[in-house]
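The following note sets out several points for a colleague who is reviewing this model. Please read them alongside the sequence and the coordinates.

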Amino acid sequence: MKPLKRRSPSGALGASVGAALVALPLGTAVLGPLFADVPAAGLAAPYAGREAAHLLGTDALGRDVLALLLHGGRSALGMALGAVALAYLVGGAAGLVAASARRRWLDELLIRPLDVLLPLPTLLVISVVAVGWRGSPVAIALAVAAVNVPPVARLVRAAALDAASGPVTEALRLQGESWVRVQCGHVARSVLAPVAADIGTRVTLAVFLVGSANFLGLGLDPTAPDWAVSIARGREGLLLQPWAVLAPAAMLVLFTVGLNLFADRLLARSRHRTQEAVR
């Protein structure tokens with residue numbers, strides 16, 4: 001008689017807490033603009049305190065902090081998530097092809113050019129892009145994606161090497177399965193655990209990079225309602241109006257911490273299923 005399996009309450013709690021932490025900033029980013037108009041400058045006194053008309057006060061330009069908070073998430077999180085998705089689309093495909101390549105020259109052709117980009121300082125790349133496309137969220141997202149493609153490709157390639165050359169893959173090929181079906185149906189599933197672990201860290205890094213670019217004035221316009229821009233603009237009046245900085249900073253912290261908690265739980269569940277399959 002097999003012993004009863006119990007789910008770890010701490011693991012389930014971690015997943016629930018992580019999902020709750022992510023839901024607040026993500027929901028604010030997606031639904032926030034539906035509940036407030038973009039605030040205009042000069043309609044209220046700068047650094048006004050909390051009152052009925054302005055629940056979180058106003059910023060240095062006299063704009064409602066709550067309205068800025070509701071509008072700032074789409075750029076802050078949208079650029080980061082879009083950059084990571086693009087990095088995995090390009091780097092993941094390159095890594096899978098390199099891992100399953102039967103010819104060494106194809107592996108070298110895909111991976112070695114990407115190695116050239118690895119030593120480049122990330123903020124330097126973003127700074128160069130910002131010179132030609134200042135204020136363009138698409139350009140910043142593309143720059144962040146570009147610097148993430150090489151490590152993603154190397155991660156996916158390393159994780160997929162064993163599966164791509166294993167007996168299951170050879171058996172599928174002998175059965176006449178197509179290359180796409182073998183890669184997407186078997187090899188790609190073998191990299192889900194390391195990819196799940198990496199996504200939490202990589203999205204956090206992308207949020208940091210996008211936020212750093214906007215904070216340093218390399219990204220969006222200094223008057224944009226972006227969360228990082230709001231932090232940069234409000235830091236000079238932190239003692240007068242702390243909510244102009246603390247509110248957007250809290251959203252970024254909640255998102256990154258919650259995403260990592262949730263990704264850790266997914267990784268633990270995937271590892272548990274793999275162990276059960278081996279048994």
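1. A salt bridge is taken here as a side-chain nitrogen of Lys or Arg within 4 Å of a carboxyl oxygen of Asp or Glu. By that criterion, the whole structure holds six salt bridges. The model is a predicted one.

2. Helix α3 covers residues 104–117. Its 14 residues reach 21 Å from the first C-alpha to the last, close to the 20 Å expected. Asp107, Ile111, Leu114 and Asp115 are buried in α3, and the cover over the buried residues of this helix includes α2 (65–100) and α5 (137–164).

3. Glu108 lies four residues from Arg112, and Asp115 three residues from Arg112; each spacing is about one turn of the helix. Residues three or four places apart point the same way because an α-helix has 3.6 residues a turn. Arg112 is partly exposed, at 42% relative accessibility, as is Glu108 at 23%.

4. In helix α8 (residues 192–215), Arg202 and Asp198 lie four residues apart. Their side chains meet in a salt bridge of 2.8 Å, N to O, and both residues are buried. Elsewhere, salt bridges with shared partners join Glu108, Arg112, Asp115 and Arg154 into one network.

5. Asn148, in helix α5, is buried, with a relative accessible area of 2%. Beyond its neighbours within four places in sequence, Asn148 contacts Ala87, Arg202, Leu205 and Leu209.

6. Tyr47 lies in the loop between α1 (9–31) and α2 and is partly exposed, with a relative accessible area of 24%.

Definitions and conventions: Residues numbered from 1 in each chain as written. Predicted model: local features only at pLDDT ≥ 70, side-chain atom pairs only at ≥ 80, totals over all residues. Heavy atoms only, no water. Helix = DSSP H or I, 4+ residues; strand = E, 2+ residues; numbered from the N terminus. Expected span 1.5 Å × (residues − 1). Buried < 20%, exposed > 50% of the residue type's maximum accessible area, 1.4 Å probe, protein only. Contact = heavy atoms within 4.5 Å.
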